[in-house]
Amino acid sequence: NDAETLADAAKYSAMLGDSGSALELLGRALELAPEGVDIQHTAAQVYLILGQEDRALDVLEAAIADGYPVAEIRVNPFFDELAGNPRFAALVGEKG
């Protein structure tokens, strides 16, 4: 029941197309560590995999507010698909 393990399992479930398990595991991870920036970062990836861009941005915003380094989000290729999103650009301080 380690939050990081649950979040990682959620990500792998999402990658395998099992959205139900992914969301259930992610929910448990976020309950255990609601302000855990690494959990929030993984949650954003899970939501992106599942096509839930707004939820991904919500948890990225929370992660940044809780201290996750913006520079790491900026250079993470996982978030490349958000490059044209004005909300993402505002979160990571990029000018459009």
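Ser13 sits in helix H1; helices here, like strands, are DSSP runs numbered from the N terminus, with at least four residues (H or I) for a helix and at least two (E) for a strand. This is a predicted model, in which local features need pLDDT of at least 70, side-chain atom pairs count only at pLDDT 80 or more, and totals for chains, interfaces and linings use all residues. Residues are numbered from 1 along each chain as its sequence is written, and side-chain values use heavy atoms, with hydrogens and water left out.

Is Ser13 buried or exposed? Ser13 is buried, because its relative accessible area is 13%. Buried means under 20% relative accessible area, exposed means over 50%, and partly exposed lies in between, using a 1.4 Å probe and protein chains only. Not counting residues up to four places away in sequence, Ser13 touches Asp18, Ser21, Ala22 and Leu25. Contact here means heavy atoms within 4.5 Å.

Next, the helix pairs. Two packed helices are described by the angle between their axes and the distance between the axes. Axes are lines fitted to C-alpha atoms, for helices over the stretch in contact, and angles run from 0 to 180 degrees between N-to-C directions.

Take H1, residues 3–15, and H2, residues 19–32: their axes come within 8 Å and cross at roughly 160°. H1 is therefore roughly antiparallel to H2. The cut-offs are under 35 degrees for roughly parallel, over 145 for roughly antiparallel, 65 to 115 for roughly perpendicular, and oblique for the rest. On the H1 side the contact includes Leu6 and Ser13, and on the H2 side it includes Leu25 and Arg28. By class, the residues of this contact are 11 nonpolar, 2 polar and 1 charged. Nonpolar covers Ala, Val, Leu, Ile, Met, Phe, Trp, Tyr, Cys and Pro; charged covers Asp, Glu, Lys and Arg; the others, Gly among them, are polar.

The second pair is H1 and H3, whose axes come within 9 Å and cross at roughly 10°. That angle is why H1 counts as roughly parallel to H3. Among the residues making this contact are Glu4, Asp8 and Lys11 of H1, and Asp38, Thr42 and Gln45 of H3. The contact of H1 with H3 has 8 nonpolar, 2 polar and 4 charged residues.

Ala22, Leu23, Leu26, Ala29 and Leu30 in H2 meet Ile39, Ala43, Val46 and Tyr47 in H3. This contact of H2 with H3 has 9 nonpolar residues, no polar and no charged.

Between H2 and H3 there is a loop, and Ala33 is in it. Ala33 is buried, with a relative accessible area of 18%. Leaving aside neighbours within four places in sequence, Ala33 is in contact with Ala3 and Ile39.

Last, the core. A nonpolar core is a set of buried Ala, Val, Leu, Ile, Met, Phe, Trp, Tyr and Cys residues joined through side-chain atoms within 4.5 Å. Which residues touch the most other members of the largest nonpolar core? They are Leu60, Phe79 and Phe88, out of 29 residues. H1, H2, H3 (37–49), H4 (53–65) and H6 (86–92) each supply at least two residues of this core, and H3 gives the most, with 6 residues. Leaving aside neighbours within four places in sequence, Phe88 is in contact with Leu57, Leu60, Ile73, Phe79, Leu82 and Ala83.
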